[in-house]
Amino acid sequence: MARGSKSFAMASKLFDPRTRERAWLLYAWCRKCDDIADGQDHGGTMRGVADGQARLSTIRVLTGAALHGDPTGDPAFDGFGLVMRECAIPQRYAHDLIEGFALDAREWRPRSETDMLRYCYHVAGAVGCMMAILMGVDPADEATLDRACDLGLAFQLANIARDISEDEAADRCYLPEEWLVEMDIPPGEHMKPWVRSRLAILARRLADMAAAYEQSARHGTGALPPRSAWAVLAAAGIYGGIAREVARRGEQAWDHRVATPRGEKLGWLLRAGLQVPGRARRWPAEMPRPASLWTRSRS
């Protein structure tokens with residue numbers, strides 16, 4: 001985690017020891033699957049892969065073995081299987097995540113905003129649900145899991161905004177085709193200098209969406225133990241800072257990769273700690289989730 005996600009690494013230290021170890025094991029599986037799918041090493045720059053379907057098959061086989069308790073020879077998968085069994089996390093969330101890799105393997109592109117949000121669920125919202133259950137949320141508590149999913153969506157929307165240039169270099173684009181048409185940006189031309197001002201508008205739209213899902217997610221923190229809530233609120237602030245900075249930079253957002261500085265991360269750790277005691281009053285669970293937000297399928 002220290003190599004693959006500096007933002008999450010800092011926030012994860014706030015968990016109690018058992019929850020922290022389980023979160024690290026879950027992260028290790030997510031990171032390993034991502035690395036296999038994209039030919040990466042602990043994240044970083046993606047390189048094109050010509051054998052996407054074979055890589056997807058490897059992920060499916062190793063994950064299936066881990067879920068059945070069979071040794072895989074890979075600690076990332078073996079540890080994942082252990083966490084899934086210990087925490088009674090429904091296997092469907094693991095399969096939902098793998099479907100996100102399947103979309104990438106067939107060079108899928110979102111046509112609509114709904115398509116983009118559905119992709120965000122597969123690659124991040126499902127992880128939010130798994131993390132919530134790992135932290136003690138009842139798998140049947142769908143309302144709280146919806147809030148956990150919202151945080152995953154917020155994180156992935158920030159990723160999409162930040163990584164537009166990197167994704168384009170890997171021949172990927174997660175901006176909905178309908179958005180590009182609306183801004184009169186031709187297919188494959190979204191990183192051209194002459195459309196940067198229009199691209200910045202779409203990045204701000206992504207940042208605004210991320211903020212809405214982040215705010216919704218905070219209403220689920222009352223269901224978490226205090227230390228878990230502290231970690232989640234800190235991660236929300238730290239990662240939310242990425243989307244906010246992309247929006248602030250405008251046309252220069254992709255000149256240098258956006259990251260939350262260490263000082264700001266420490267500030268979010270402190271701010272989140274102060275928010276923990278009154279979180280249930282500040283963000284009541286009974287507050288209706290906005291109808292405008294996309295909702296995951298529960299089947």
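Contact means heavy atoms within 4.5 Å. The model is predicted, so local features need pLDDT of at least 70 and side-chain atom pairs count only at pLDDT 80 or more, while totals for chains, interfaces and linings use all residues. Residues are numbered from 1 along each chain as its sequence is written, and side-chain values use heavy atoms, without hydrogens and water.

**Exercise 1.** State how many helices and strands the chain has, and its radius of gyration.

Solution. Helices are DSSP runs of H or I with at least four residues, strands runs of E with at least two, numbered from the N terminus. The chain has 13 helices and zero strands. Its radius of gyration, taken over C-alpha atoms, is 18 Å, close to the 19 Å of the globule rule for 299 residues, so the chain is as compact as a globular protein of that length. That rule is 2.2 Å times the number of residues to the power 0.38.

**Exercise 2.** Determine how helix H3 runs relative to helix H5.

Solution. Axes are lines fitted to C-alpha atoms over the stretch in contact, with angles from 0 to 180 degrees between N-to-C directions. The axes of H3 (residues 52-67) and H5 (residues 91-105) come within 9 Å and cross at roughly 170 degrees. H3 is therefore roughly antiparallel to H5, a term for angles over 145 degrees.

**Exercise 3.** Identify residues by which H3 meets H5.

Solution. From H3, the residues include Leu56, Ile59 and Arg60. Their H5 counterparts include Ile98, Glu99 and Phe101.

**Exercise 4.** Find what share of the chain is buried.

Solution. Buried means under 20% relative accessible area (1.4 Å probe, protein chains only). Buried residues make up 56% of the 299 residues.

Technical notes: Parallel < 35°, antiparallel > 145°, perpendicular 65-115°, else oblique. Buried < 20%, exposed > 50% of the residue type's maximum accessible area, 1.4 Å probe, protein only.
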